[in-house]
Structures are given as structure tokens and as C-alpha cells.
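Let's walk through this one together, starting with a sheet and then moving on to charged side chains.

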Amino acid sequence: MIYLKYTLLAASICACIGTKAYNYDLELDGIYYTINASSRTATIVAYPDAEGDVVIPDCISYNTQNLTVVGIGNNVFEKNEKIISISCQEPKSIGKATFRGCTNLVSIQIPCVFNPIIPEKTFSQCTNLEYIAPFEGTYSGIYDDAFYNCKSIKRFSISTHVTSVGTGTFYGFRAQHVTIEDSDKELSFMAPNADIVGIFQIIDTLCWMRKKTTFNENRGKGVLPAKILILSESVKSVGMPFSVTQKVILQSQEPPQMDVSFTTSTYMNTPLYVPKGSLEQYQSQSGWWSSFFVIKEDDASAIKQVSETSGNPTIYNIKGEKIKDTCKGVNIIKHPDGKTRKVVVE
């Protein structure tokens, strides 16, 4: 009898310890939240039984009060191999390693808000993840291993705000289309490995629009690979050479003066496409462009097509005017897939 009593007590203590480990204020329907009472907001800190197609609540009610769910905390779904998709309507801040190791997760239909960074390991080892809703916020950095081994992603865009990409961020990344958006801000890759393939695996189309890019530990030691490379006329400097297997496309009517080089194989075997009417200028230009064995006209419009089908959403104010970031009042956000929604900023 005494033994049974101690057994029950031990089980009770273990249960309490397991529950308190979440450090939560409220549990509803198997989801654990911390609460900010003054702002009437809630953040998810644990969802241990999540499986299948998960819908994150945008609002919960407790003791006559409505609480807006504004975030998903660190490690909430880490190593959950049961969830297939996750969605919600309203924006959520996302923590460190939130989806790490969700190997069966295919789709994240959440307006993820990142300020000021995309945390480390956030989507690491999501090997079957094909789609992530466009990110929101003005994040300036993508931290270490954030997209490590996300080998099923279809499209990805590095935002105009990003200035730093951490170690291992895109290791094993095999997106079909990657766009590096145009910006005056320098984009810096923190890559200690000499093998640049560790940042980007061979991808179908790499649309490079950033004016200046550097590779802090890698300059001159690796090669940036792509099947199709599209270089915007805004590009001025890239710290490493390119290896392109199918074609290089330039948007500029006149041969731009860029700090860009290519492998000998690219010059010899990969055609350079230039806008109509500019063939002779590229053929006679001394330097990078005239080194291509084959230069052809047209196909330069492809840069517009790629940039329109990838990247961040377009934001409009209540007057229908296009703006860079959300502003106070009503904002209309149009996503690349055509969906629109209203966001009110107080």
C-alpha cells in the first residue's frame, strides 16, 4: 500500500514537471500559450499533439476576453514528424528552430513576420517542405542553418532588407528559382566553407539583382553554380565567379561594367543572351561579355517574369498607392500567388 502511494506520488510529480516545462499561462484545446495581459495577445509555446493539417488559431477567448495570437515561439514544432501542413490567416512572429526537423511538413501557409532576423535553424531539416508563404517584416539577417537541407523548396527570394546570411543557411538548398532582390544594401554571405555549392546547389534559375555581394570567408575560393543566370543591370559587384550550364541573360541594353566573372567552361559552352539591338555592342566590348563564345539577342525579358513570380508581397496603402513597408492605418497586401488581404497597423 505504501509502495503504491509512492508510485502515484512520483507519477504526479513527473506529470507536473512535464507540464510546467512549457512555462505557459494558458492551455486551450491542447495548445499552450503565454499571455500578455496588457496587450491582450497570446504566443504559442507548445503544441505537443499537433498532427496532419494544422490550423493555428488567430484569436482565442478566455474569461470573457478575446486574445489575439501573435506568435509561435522557439522549438514549438521541432522534430514533429506528424504535421503535413500548417496555416493561419493573420501574421505571426516565428521563433528559433520552430519547424526544425519537421520532415513531413510540405506547406507553411502562415504570414511569417521576422523582425529583425530570421532566427537560426527555423526551417532546418524540413526536407519535404515545398512552399512557405511570403515573409513579412524588415528582417536584415538570415541566421545560421535557417534553411539547412530544405531541398524541396520550389521558389525563394532574399529580401531587399537582408544584409547578412549566416553559415549553413542554404546548405543543401535546391530551389528551382532563387531571386536576390535589388537593393543598395550590400549582401554579405558568412560562409566558412571553401565549397560554395554548400550555399546553393545547382538551381534552375538564379535571378541576381543585388548591387553588391560579398563572401566573407570565401572570396576567390569557390564558384556560384546555376543552370540559368539572370543578371539585372543594377548588379555591380559579386565576390565570386559563376558557373552556368544553360544560359546567361542580361537585361541591360548597353554592356554594364560589373565586377563579375565566369568559369572558362561557362565562357566556352554557355550562350549569353542580350536585349535586341545590342548584339554588336556586347561582341565588341572588351572584358567579361565579349569573352563569351556565343552571344545571342533577346530572352532578356525573362528577368521580369522571374521577379514577378517570386519574392515578397506588394504593399498598398488605403489610397491604393504602392508603398515599401506597412504603415499606420489600413494596408492592402497582395501576394505573388494573387491573394490579397488587409492588415491594420495601429
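Before looking at who faces whom, a definition: two strands count as paired if DSSP finds at least two bridges between them. Keep in mind, too, that this is a predicted model.

With that in hand, take the open sheet, where four strands line up in the order β4-β7-β9-β12 with parallel pairing. The edges belong to β4 (52-55) and β12 (131-132); each has a single partner strand, so one side of each is left without a neighbour in the sheet. Zoom in on β9 (residues 107-109), which pairs with β12 in the parallel sense over two bridges. There, Ser-107 sits opposite Tyr-131 in β12.

Now for the charges: searching the whole structure turns up nine salt bridges. One of them joins the side chains of Asp-58 and Lys-92, at 2.6 Å from N to O. These two come from distant parts of the chain, 34 residues apart: Asp-58 is in the loop between β4 and β5 (59-62), and Lys-92 is in strand β8 (residues 92-94). Asp-58 is partly exposed at 21% relative accessible area, while Lys-92 is buried at 0%.

How exposed is Asp-184? At 68% relative accessibility, Asp-184 counts as exposed, whereas Asp-182 is partly exposed at 32% and Lys-211 is partly exposed at 26%.

Key. Residues numbered from 1 in each chain as written. Predicted model: local features only at pLDDT ≥ 70, side-chain atom pairs only at ≥ 80, totals over all residues. Heavy atoms only, no water. Salt bridge = Lys/Arg side-chain N within 4 Å of Asp/Glu carboxyl O. Buried < 20%, exposed > 50% of the residue type's maximum accessible area, 1.4 Å probe, protein only.
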